Amino acid sequence: SLHGVFGHFPGIKVALPTSPQDAYSMLRAAVRDDNPVILLEHRWLYDIEGSVDEDRVPLLEGPVVVRQGCAVTVACTSWMVIEALKAAEVLARQGIELEVIDMRTVAPLDETAVVASVERTGHCIVADYDWLACGVSAELAARLSHRCFTSLRKPVERIGFAPVPCPTTRPLENLFYPSAVHIIRTVEQMLG
């Protein structure tokens with residue numbers, strides 16, 4: 001998870017494709033861009049299947065709403081988009097509709113779509129596939145707290161890696177990596 005590190009340096013564009021269409025379009029856009037561009041793909045995304053429109057204009061654009069909802073906004077990066085969609089399916093059975101936003105780029109970081117969503121929902125979770133300290137989730141949460149101060153009913157919550165070195169065994173990985181369960185529990189606490 002180096003997107004927070006690379007996104008720290010001015011002039012470098014950092015993108016995190018989640019879908020096959022994003023991977024295809026963003027790579028084409030990166031090749032055509034005159035600026036340095038870093039695309040970071042999580043290895044767990046390699047099994048994701050989907051159609052690719054080769055005629056789509058390649059852009060390194062910012063956030064996209066991948067699921068509409070009215071209860072809680074979940075702004076995600078990389079694999080956390082997949083986990084948030086799983087959580088949204090589970091919570092929808094209980095009548096709680098999550099709005100899931102794929103951030104797609106972290107440099108430049110465009111929070112406009114998230115701000116519009118938070119103004120409707122009044123609640124926000126930032127789910128980043130990285131450690132929480134000094135990362136994208138901290139920056140996005142700070143911006144949202146500033147821009148949505150009067151709209152937020154509760155403080156912005158952040159979900160990310162446990163504050164320990166990355167483990168290499170499956171039982172420890174299950175505790176280390178955030179999942180749909182973490183999102184569900186955070187939504188439950190947030191909504192009481």
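1. Let's start in a loop: Cys134 sits between β7 and α5. The model here is a predicted one, and in it Cys134 has a positive phi of about 60 degrees, although this residue is not a glycine. Most residues other than glycine have a negative phi. Is Cys134 buried or exposed? With a relative accessible area of 78%, Cys134 is exposed.

2. Now compare Arg104. This residue also isn't a glycine, and its phi is positive too, at about 65 degrees. You'll find Arg104 in the loop between β5 and β6. Its relative accessibility is 4%, so Arg104 counts as buried.

3. Going from Ala107 to Pro108, the bond is cis, with omega near 0 degrees. Most peptide bonds are trans. Pro108 belongs to the loop that links β6 (105-107) with α4 (112-121).

4. Step back for the whole protein. How many helices and strands are there? The protein has 7 helices and 8 strands. Its radius of gyration is 16 Å, close to the 16 Å that the globule rule gives for 192 residues, so the protein is as compact as a globular protein of that length. Along the principal axes, the C-alpha atoms fill a box of roughly 50 × 40 × 35 Å.

5. Of the 192 residues, 46% are buried. The accessible surface comes to about 10,000 Å², and carbon and sulfur atoms account for 56% of that. Take the contacts between residues at least 6 apart in sequence: 77% of these join residues at least 24 apart.

6. Which residues lie on each side of β4? Val72, Val74 and Cys76 are on one side, with Thr73 and Ala75 on the other, and both faces are covered.

7. With β5 it pairs in the parallel sense over 5 bridges, and Val72 stands opposite Leu98 in β5. The chain gets from β4 to β5 by way of α3, in a right-handed β-α-β crossover. β4 is also joined to β7 by 4 bridges, with these two strands running parallel. Here Val74 stands opposite Ile125 in β7.

8. Follow β7 on to β8. These strands, residues 124-131 and residues 157-161, pair in the parallel sense over 4 bridges. Ile125 has Glu157 as its bridge partner in β8.

9. On to the inside. The largest nonpolar core has 28 residues, and Val72, Val74, Cys76, Leu98, Ile183 and Val187 have the most contacts inside it. The elements giving two or more residues to this core are β4 (72-76), α3 (79-92), β5 (98-102), β7, β8 and α7 (180-191). Which element gives the largest share? That's α3, with 8 residues. Apart from this core lies another, of 15 residues, including Leu109, Cys124, Leu140 and Leu144.

10. Leaving out residues up to four places away in sequence, Val187 touches Val72, Leu91, Ile96, Leu98 and Ile125. Val72 and Leu98 are also among the residues with the most contacts inside the largest core.

11. Pro155 lies in the loop between α5 and β8 and, at 62% relative accessibility, counts as exposed. Not counting residues up to four places away in sequence, Pro155 touches Cys124 and Met190. Its C-alpha atom is separated by 9.0 Å from that of Ala141, 14 residues apart along the chain.

12. The other is Pro10, in the loop between α1 (3-7) and β1 (13-15). Is Pro10 buried or exposed? At 80% relative accessibility, Pro10 counts as exposed. Pro10 and Ala107 are 97 residues apart along the chain, and their C-alpha atoms are separated by 8.3 Å.

Terms used:
Residues numbered from 1 in each chain as written. Predicted model: local features only at pLDDT ≥ 70, side-chain atom pairs only at ≥ 80, totals over all residues. Heavy atoms only, no water. Pairing = 2+ DSSP bridges. Core = buried A, V, L, I, M, F, W, Y, C linked by side-chain atoms within 4.5 Å. Buried < 20%, exposed > 50% of the residue type's maximum accessible area, 1.4 Å probe, protein only. Contact = heavy atoms within 4.5 Å. Rg over C-alpha atoms; globule rule 2.2 N^0.38 Å. Areas by Shrake-Rupley, 256 points an atom, 1.4 Å probe, with all protein chains shown as cover. Right-handed = clockwise from strand over helix to strand, strands pointing away.
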